[in-house]
Amino acid sequence: MNHNTPSRATAWWICALVAAALYGNYYVYDSIGPVADALQTQRGFSDAQVGLLNAVYSLPNVVLILLGGVLVDRFGAAKVTLGTAAICFAGALLTALSPSFEGMVAGRLLFGIGAETFGISTLAVLAQYFAGGNVAFTMGLALSLGRLGSYSTDMSPTWFPHAYAQGWQPPLLIAAAMGAASLGASVLYWWLDRRVEASAKHDVQAQAQPFVWRDLLHFGKAYWYLLILCVLWYSVILAFRSTFSIKYFQHVHGLDLAAAGELNSYVFLAAVFATPAFGWLCDRVGRYAPFLAFGAVLLPIALAVMVLSSGGLEVSTALMGISYSLVPAVMWPLASKVVAPARFGTAIGLMWVVQNAGIGGANLVAGWLNTRAGASAQNPAGYDAMMWFFGTCSLVGAVFALVLWATAGRKHQELQARQA
């Protein structure tokens, strides 16, 4: 570290503020799941409408995510983090205060417009301040601490029972408060960044790659296998876990809201500790594709156990937690190995675009299937179509993970990729 770079202590303060900002952002994103049943019983929302509240988050990012990196390059990570955190808070507040379904959709849309670009800018922050080393570890650590926000959302019926007893709105106001805390952490980071004027900022700009359509012609089969796995795996685990799982546990397995939220929270709680550990293990072993395939295969197994065994919820949740810990820890490092460095920005941009389209589409399809089948506590069999949909998507994703391992993930192939 030279005289132009910030001190190590400052860099770690920045990492802590980023993690705090991510915590609030993750809390807001997952805030719909715990109130899904209340929205249905108290406000008369259908499952299709509940699904739309999370789907609308992803839909604008099919296009906007391509602009996120450009905004970071042009205005800097600090300004973009602050601006998008403010947009996210405004969206969370509108969602909580809106008296109509249309207003809640507008709030979730506004939150989605800010949140994904917020995610890109926070990664750029860490790349900027830890350019000399520990980038992968700090990214994994910050994201893992951020996932505590998702865990907290699922635990919120237990932590704030009086709020949930008052109806659907107080829990969403708590989520808006978390959005305000995220904005506060972003303000502190922006203030600190202005003081240190980190010289590493130009390094982040130099690494960014514009989205160029003709670059798609240069991607090999391994990348496309990885992209298909990315969209299918994220679509299943986020659409199910963040939107419908708590409601499913209540109506099909007879859990109350607090127990359903607590069970669902274990997925993210496991990821908080396991994701950095799995990333460290893969780096030490030097293998990625086998770990990715193992994590992908666990997801359809977890869903099958959940559907076929009335007493297997803990087992299925544990399997899903391992999958959610392992796949993200491996997917992004592996992506850097199956595409040329000059096209990495384009590759990641396209993966994020398709991922958001898949998550949004999966929420809409699952909600439509539940509404069409009349899924409810009185008709638990109505959830079968949704589970078949999620199970099929996760199984196809696992197949592509295995094909990727067989075609580009052998030991000698990964060794060549590291040496390239």
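**Exercise 1. How many nonpolar, polar and charged residues are in the lining of the second largest pocket?**

Solution. We are working with a predicted model, so let's go step by step.

- Step 1: List the lining. It consists of Pro300, Leu303, Ala304, Val307, Leu308, Asp384, Met387, Trp388, Gly391, Thr392 and Leu395.
- Step 2: H16 gives the most, with six residues.
- Step 3: Sort by class. Gly counts as polar here, and the tally is eight nonpolar, two polar and one charged.

**Exercise 2. Work out which kind of aromatic pair Phe240 and Tyr248 form.**

Solution. A pair of aromatic rings is described by the distance of the centres and the angle of the planes.

- Step 1: Start with the whole structure, where a search finds 14 aromatic pairs.
- Step 2: Check the distance. The ring centres of Phe240 and Tyr248 are 6.0 Å apart, and rings pair if their centres lie within 6.5 Å.
- Step 3: Check the angle. The planes stand at 70°, and over 60 degrees counts as edge-to-face. The pair is therefore edge-to-face.

**Exercise 3. Find the ring whose face Arg43 lies over.**

Solution. Go to Trp168: Arg43 lies over the face of this residue, at 4.3 Å from the ring centre.

Technical notes:
Residues are numbered from 1 along each chain as its sequence is written. This is a predicted model: local features need pLDDT of at least 70, side-chain atom pairs count only at pLDDT 80 or more; totals for chains, interfaces and linings use all residues. Side-chain values use heavy atoms; hydrogens and water are left out. On a 1 Å grid over the protein atoms alone, a cavity is a set of points where a 1.4 Å probe fits but cannot get out, and a pocket is an open set with protein on both sides within 12 Å along at least five of seven lines; lining residues have an atom within 4 Å of a point. Helices (H or I, at least four residues) and strands (E, at least two) are DSSP runs, numbered from the N terminus. Rings of Phe, Tyr and Trp (its six-membered ring) pair if their centres lie within 6.5 Å; planes under 30 degrees apart count as stacked, over 60 as edge-to-face and the rest as tilted. A charge sits over a ring if NZ of Lys or CZ of Arg is within 6 Å of the ring centre and within 35 degrees of the ring normal.
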